[in-house]
Amino acid sequence: MPELPDRRILSEAAQWFALLNSSQASDADVRRWRAWLGAHGSPQAQAWQRVQALSDQFGMARDPAARSALQSALGQRRQVLRSMLLLAGAGAGTWATLNSRAWQGWTADYHSGVGELQQIALPDGTQLWINTDSAIRLHYTAALREVQLLHGEIHIVTASPAGETRPFVVTTRAGSARALGTRYTVLAQDGRTTVSVYEGAVALQPAGSQQEPWVIPAGEQAVMTPATVLRTGAAGAMQREWTRGLLLANDVPLGEFIQELSRYRRGHIACAPEVAGLRLVGSFPALDTDVALDMIARSLPVMIRRRSPWWVTVAPR
């Protein structure tokens, strides 16, 4: 790779380091950083690891290029904070998506930060739980009870008080999920909506489809896109027990579980490919990811490498 892109990415990593180690980093900043970081092994991830390693007292002296980038970023923190919005993502489309996500959080009726859960009683008595890094808007009218899931995940136990005839609907970019006497979970992620039904049934209507709604009964899970609905099997306990602050692993690949656990941490958890396929069983605290990681290390032949609160790696022991 040419030298210039390496220097540019290294400089961006150092500037992210400056922001995240300041007192001014917000949850929106963390989301933009994670989007910039990309997948494990990406040039951005490698640059971030390099800067993290060099942040240890004398370690910086071993890499003049990274040391220079890091010191420059730390020395110009105010300028970094003013320009950080321009450094999120790879282009205008990425920035538009991230900016919209941040705006959604600011304008939502209810939203949660990373690693935070909320329980809300809605005006009709419906109980709603908001999972980590999620946002909703409420639209209660004379004809409809609507919860707009802007991003993230919610769990709902619908109420039907005497005389209540208005439909209860959760809407996302992918479509709508109408409750039919129901307890269910809705996850809006990457333009798709995953619905897990635990009681009653849910009628799914993709935003771009004119077909009759797909009715998903209790015990099943389905993924809805704007065009169609795909039934994906049984509704898992993991999609339900997070309301109690727990993540359940029932013989799941470690890499898959770490990806889910990462949603609860203001930072990045990487899982080395060598151990990603190990099978994990157990119940883990979602709201204390450090404890969960230590429990994993006691359960499997892995070790937890903590370079900082922002970068943790699950690696072979």
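I checked burial first: Trp33 is buried, and so is Trp310, where buried means under 20% relative accessible area, exposed over 50% and partly exposed in between (1.4 Å probe, protein chains only). The model is predicted, so I kept to its limits: local features need pLDDT of at least 70 and side-chain atom pairs pLDDT 80 or more, while totals for chains, interfaces and linings use all residues. Residues are numbered from 1 along each chain as its sequence is written, and side-chain values use heavy atoms, with hydrogens and water left out.

I then searched the whole structure for aromatic pairs and found two; rings of Phe, Tyr and Trp (its six-membered ring) pair if their centres lie within 6.5 Å, with planes under 30 degrees apart stacked, over 60 edge-to-face and the rest tilted. The ring centres of Trp33 and Trp310 are 6.2 Å apart with planes at 85°, so I noted this pair as edge-to-face. For Phe257 and Phe284 the centres are 5.1 Å apart and the planes at 55°, so that pair is tilted. Phe257 lies in helix 8 (residues 254-262) and Phe284 in strand 14 (residues 279-285), 27 residues apart; helices (H or I, at least four residues) and strands (E, at least two) are DSSP runs, numbered from the N terminus. Phe257 counts as buried at 0% relative accessibility, and Phe284 at 2%.

Last, I turned to strand 7. Strand 7 runs antiparallel to strand 8 (residues 192-206), joined by 13 bridges, where pairing requires that DSSP finds at least two bridges between two strands. Arg178 has Ala203 in strand 8 as its bridge partner.
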